[in-house]
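Thanks for taking a look at this one with me. Please have the view open as you read.

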Amino acid sequence: MVVGAFPIAKLLYLGVRQLSKPIANRIKAGARRSEFFKNYICLPPAQIYHWIEMRTKMRIMGFRGATIKPLNEELAAELGAELLGEGIIFIIGTGCMVLEYSRQATNSRHKEEEQNETIISLQTQIAELAMTTETLDARLREMNRQLVSLPLPNKK
């Protein structure tokens, strides 16, 4: 007897999540080697992230007007590659969550449709049984009427 279906979809999602980290690491390594990728993909987000982070820290410490020096190219490339890797992992995780949600919604919708079909079937059966009961009740009343109208035999 099978208790439940093998959760192949969940196993597949787990595998995708486990594979996302090495994929992100390979992309980060490629980003560090490629000048185009480094200059146009990694450096701008890293500098923006550094500027926002330092600005926030300075405001927390009470320094309002301090200028923030940009990161050197090597540190910015490293930070950009890390941000890119984390972004890829986040996107893959989010995609898995969306797929799982849509799968659960589909399963729920199918279950609800089956329940609705069962309810409609039961309502139809109840209506048929009510009709049968009314028919039998009418026949019983007719038999009782005929029985009462029969003349009684006289005993002499």
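Here are my notes, as numbered points.

1. First, some ground rules. This is a predicted model, in which local features need pLDDT of at least 70 and side-chain atom pairs count only at pLDDT 80 or more, while totals for chains, interfaces and linings use all residues. Residues are numbered from 1 along each chain as its sequence is written, and side-chain values use heavy atoms, with hydrogens and water left out.

2. On confidence: pLDDT is the predictor's confidence in each residue, from 0 to 100. Its mean over the chain is 86, and 92% of the residues reach 70 or more. Helix α1 (residues 8–33) has the lowest confidence, with a mean of 75, whereas helix α3 (residues 73–149) has the highest, at 92.

3. Now the overall layout. The chain has 3 helices and 0 strands, in the order α-α-α along the sequence. The radius of gyration is 38 Å, well over the 15 Å that the globule rule gives for 156 residues, so the chain is more spread out than a compact globule. That radius is taken over C-alpha atoms, and the rule is 2.2 Å times the number of residues to the power 0.38. Helices (H or I, at least four residues) and strands (E, at least two) are DSSP runs, numbered from the N terminus.

4. The C-alpha trace spans about 130 × 45 × 25 Å along its principal axes. Of the 156 residues, 12% count as buried; buried means under 20% relative accessible area, exposed over 50%, and partly exposed in between (1.4 Å probe, protein chains only). Contact means heavy atoms within 4.5 Å. Among contacts with a separation of 6 or more, 75% come from residues 24 or more positions apart.

5. Do look at α3. With 77 residues, α3 reaches 112 Å from its first C-alpha to its last, close to the 114 Å expected at 1.5 Å a residue. The expected span is 1.5 Å times one less than the number of residues. Buried residues of α3 include Ala 76, Gly 80, Ile 88 and Glu 100. Glu 86, also in α3, is partly exposed, with a relative accessible area of 43%. Its C-alpha is 20 Å from that of Leu 71, 15 residues away in sequence.

6. Next, α2 (residues 35–61), whose 27 residues reach 36 Å, close to the 39 Å expected. At its start, a side-chain oxygen of Ser 34 comes to within 3.2 Å of the backbone nitrogen of Phe 37. A kink of about 40° lies at Cys 42, shortly before the proline Pro 44; the bend is the angle between axes fitted to the seven residues ending at a residue and the seven starting there. After α2 comes Gly 62, with a positive phi near 100°.

7. Which residues of α2 are buried? They are Lys 38, Cys 42, Leu 43, Ala 46 and His 50. His 50 has a relative accessible area of 12%. Leaving aside neighbours within four places in sequence, His 50 is in contact with Ile 68, Lys 69, Pro 70 and Leu 71.

8. Finally, Ser 20 in α1. At 3% relative accessibility, Ser 20 counts as buried. Beyond its neighbours within four places in sequence, Ser 20 is in contact with Ile 89 and Ile 92.

Terms used
Polar contact = N/O pair within 3.5 Å; in protein donor to acceptor, adjacent residues only side chain to side chain.
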